[in-house]
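I opened the notebook to write down what I looked up, entry by entry. Each entry takes one topic.

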Amino acid sequence: MAVTLSLDDSNSMASGLLPIDIIASEILPRVSARSLLGFKCVCKFFKTLISSSEFINLHLRHSQSLSSDSNRLLILLKEPSLFSVHSKTVNVVGSCNGLLCLRIRFSGNADDSTPLVLLNPSTGIYRSIPPAWNRASLFVENLGFGYDSEANDYKIVQIIHECRRAVMVYSLKANSWRLVEKEASPQNYIATQVSSIGALIDDHLFHWMCRRGSDSKYRIRCFNLRTERWGNDVPVPDCQTTNNSKIDLGVLHGLLCLSIQYFRNGCMDLTFDVWIMKEYGVVESWTKLLSHYDDQTWMPNPIRRIFPLAYRRGSRSEVLMNQRGKLIWYNVTDKTARNAEIPGVRLPVDTYVCSGSLVGLDGALVLN
């Protein structure tokens, strides 16, 4: 006989009895992380189950499934900060497994040696990360946050460009930074005016747009978090760019995504293209998701960059777009757009999408 648990403690004779394994493996993993925190107060069984590492990993795998649109969080960053200490700016470095990596620049701190913070927005736990550098004379910086499944370790990559390039990697397990590369005269430099935050694929592959100094052609460089080495470049699509193009590299539903804004016919017609790489590393798999000419109805300020955030739940015809704080639903089928309004939120805000999870952090604190 299967072991069962009554879902109605007030009526032990209730007919709604379900096997525990069905509850644990089929029902609860589909529940949002924040709701599960409340479920831990229902009974001892729920508390023990939801707190177990096995369930946390099962819930995470379901949240990250490409076939699942559930348990996604829309992160809105707007001053004042989430933290009790008033901060000057809060920037998202990246997200992985439901954890956000934030860069906090506190008021009155003029240098760039500001700390990083790991935060689980679903559970409210956070942990401060010491800065990799203790000086302010840094010219160019690229950042990325991901997970090394082989070492079971979360890592942060920080790339500094001055007269030479230096790559630092932080290990959460070791709670320390290491210098993994110092190149005196790099042949390729990462253009931070194009993309400073790495686009993360498969939790451990960071990607940045860059230009080779010799020919100024765009390319996508890849840094492998597991090997802590540069990998093969990812081919770019055969797309139109100009000297005035604005290019952003990101991730849309687990796929590399390239957003390009450029003017056609001089400075008359602004065009916005979005490309997605359906098969990683295969240049022929680059597909143009949408192409839109500016008619001043949904891009009233063409100077501001536009990039996609996520598909509408249960649909691939509408994409949530961010135009530097203004949210727009764009229909890729009929090429129409409408404003996305969030009750109680005054735009503009810095927007980011991540999965909800119960993943913990050793030595973490809890937000007030």
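This is a predicted model: local features need pLDDT of at least 70, side-chain atom pairs count only at pLDDT 80 or more; totals for chains, interfaces and linings use all residues.

Entry 1, burial. I call a residue buried when its relative accessible area is under 20%, exposed when it is over 50%, and partly exposed in between, using a 1.4 Å probe and protein chains only. By that rule I found Cys354 buried, with a relative accessible area of 5%. I also found Cys210 buried, at 1%.

Residues are numbered from 1 along each chain as its sequence is written, and side-chain values use heavy atoms, with hydrogens and water left out.

How many disulfides does the structure hold? I noted zero, where a disulfide is a pair of cysteine sulfur atoms within 2.5 Å. As background, a disulfide is a covalent bond between the sulfur atoms of two cysteines.

Entry 4, the whole protein. I counted four helices and 26 strands; these are DSSP runs numbered from the N terminus, with helices being H or I of at least four residues and strands being E of at least two. The protein has 368 residues, and 47% of them count as buried. Its accessible surface comes to about 18,700 Å², and 51% of that belongs to carbon and sulfur atoms. Such areas come from the Shrake-Rupley method with a 1.4 Å probe, and for residues only the protein chains shown count as cover. I then looked up contacts, meaning heavy atoms within 4.5 Å. Among contacts with a separation of 6 or more, 45% join residues 24 or more positions apart.

At what angle do α3 and α4 pack? Helix α3 (residues 44–51) and helix α4 (residues 53–64) pack at about 70°, and their axes are 5 Å apart. That angle makes α3 roughly perpendicular to α4, because 65 to 115 degrees counts as roughly perpendicular, under 35 as roughly parallel, over 145 as roughly antiparallel and the rest as oblique. The axes are lines fitted to C-alpha atoms, for helices over the stretch in contact, and angles run from 0 to 180 degrees between N-to-C directions. From α3, I listed Leu49, Ile50 and Ser51 in the contact; from α4, Ser53, Phe55 and Ile56.

I found Trp177 in strand β11 (residues 176–183). Trp177 counts as buried at 16% relative accessibility. Leaving out residues up to four places away in sequence, Trp177 touches several residues, including Leu116, Ile129, Met168 and Tyr170. Gln158 is also touched by Trp177; the two are 19 residues apart in sequence and 9.6 Å apart in space, C-alpha to C-alpha.

Most residues other than glycine have a negative phi. Asn152 is not a glycine, yet its phi is positive, about 50°. Asn152 sits in the loop between β8 (140–148) and β9 (153–161), and counts as exposed at 53% relative accessibility. Asn175 also has a positive phi, near 55°. Asn175 is in the loop between β10 (165–171) and β11, and at 39% relative accessibility counts as partly exposed.

Is Glu341 buried or exposed? I have Glu341 as exposed, at 71% relative accessibility, in the loop between β24 (336–339) and β25 (350–355). Lys326 is 15 residues from Glu341 along the chain, and their C-alpha atoms are separated by 9.2 Å.
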